[in-house]
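The sequence and the structure are shown first.

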Amino acid sequence: MNHFQRILLLGTGPASVQLAVTFKKHLKCQLGIAGRKSVRSADFFCSLEQNEGLIHASIQNEQHRVMAGACRIDQVFQGYETIEGNWDTLIFAVTTDAYIEVLQQINDKLLQNVNCMVLISPTFGSGSLVRHYMRSVNPAVEVISFSTYYGDTRWMHGRVSNHVITTGVKNKICLGSTHPSSGHLNRLNEVMKHSGIALNVMESPFEAETRNISLYVHPPLFMNDYALSAIFEETDIPRYVYKLYPEGPITQEVIRDMLAQWNEIMDITDKLSIQRLNLLQFMTDDNYPVRPESLSRQDIESFSQLERIHQEYLLYIRYTSLLIDPFSQPDQEGKYFDFSAVPIRAMFINNEGCLDIPRMPKEDYYRIKMIQGIAKYLEVDCPTLDKFAQTYENKIKAVARLNEGKLLSDAFTVQSFEEHLSRVCSEIERIRV
């Protein structure tokens, strides 16, 4: 079988453009791109048409030179229902809560010819969600989950166009497949290796999906009164995601909740026979390192065996050590790069004219509800996850009441995602039988 010969990218965000350049460069494949019709995607499709399908990916740092390039998109589809042709691979670069919605709009006959589906930014259970949907359409299809998208990519000059810039690239990502020894994994390994990214192949999509740092840090950092106040209440004073209180949300309680949530997720993975994750080692070795003077190798590697108060202490040290980039060069005044100054984004009016919630925490809400539902199915108590969900839901209900009469996006609706959870739990039952 020829792998990745005809690839269709689903989604019209910056990541899709970088992915297209990467796959075109290394696989010499036919490549199409499809997206839903919206005010934002209209600008993208218009830019593609004006430039005759040519797209560009630039880089911020020279060490990421391999990510830069340009290529021409072979086919463009405005609206998933308009997709036609024979595609061997679908690459999902849409938000995790949209997977089923997108699949339902694609013709079943087209889906029956697909050999492989790749989920670029899934959450816990996404692979099982897609797998369940495809059982009735194309049960032989391979589903591959990335742990996370491999870069930090945004629109060039901050506006939707045919040009993106990648400002950061991960050193390592994890992949998991429903067909663990497949040729698709081998080809992806080659692509990632050429891109300077180490690939760690896990036992399953589920296991790869647990290797996403956002699972462990976004809920405690965003689903607390401080962060939600910054998001939903007007203020002229900026607040920052990764700073200590009062500049940011990080307090003793947030660190305590971060640790408690990690333990709850590990209880879930135990039920699924997935290898446990050392939180501090994952944060340090797979994401952002700190200097050994701040955290010793012994403390990092023995983290899972330490007492709770010791673990909280080490997590707090980790965040204080990253208030600045410890590996940056100080300026003439001895100041290092302000690494933690990532602003908490406030709610905004979207392109459709509706009051909307930023991606963080909107996507994190879906993430938490999925984990919460899986935990309930597996009979695992998750009081911290329950608290996060309740805190967030109380806030969006209160904000919706305050803005009654205005156009509000669906993000202000309390949701259960029952259909998605039913599909995921059906797949879990197959695994456990």
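Which residue in β10 does His 56 stand opposite? His 56 stands opposite His 163. The model is predicted, with local features requiring pLDDT of at least 70 and side-chain atom pairs pLDDT 80 or more, while totals for chains, interfaces and linings use all residues. Residues are numbered from 1 along each chain as its sequence is written, and side-chain values use heavy atoms, with hydrogens and water left out.

Strands are DSSP runs (E, at least two residues), numbered from the N terminus; two of them pair if DSSP finds at least two bridges between them.

| Strand | Partner | Bridges | Facing residues |
|---|---|---|---|
| β1 (residues 6-10) | β6 | four | Ile 7 and Thr 89 |
| β6 | β7 (residues 116-119) | four | Ile 91 and Val 118 |
| β3 (residues 54-59) | β10 (residues 163-169) | four | His 56 and His 163 |

Strand β3 and strand β10 belong to an open sheet of four strands in the order β4-β3-β10-β9, with mixed pairing. Because β4 (69-72) and β9 (151-155) at the edges each have a single partner strand, one side of each is left without a neighbour in the sheet. From one strand to the next the twist averages 25°, taken between N-to-C directions of axes fitted to C-alpha atoms, on a scale from 0 to 180 degrees.

In a regular strand, side chains alternate between the two faces of the sheet. Strand β6 (residues 89-92) is covered on both faces: Thr 89 and Ile 91 are buried on one side, and Leu 90 and Phe 92 on the other. Buried here means under 20% relative accessible area (1.4 Å probe, protein chains only).

Definitions and conventions
Buried means under 20% relative accessible area, exposed over 50%, partly exposed in between (1.4 Å probe, protein chains only).
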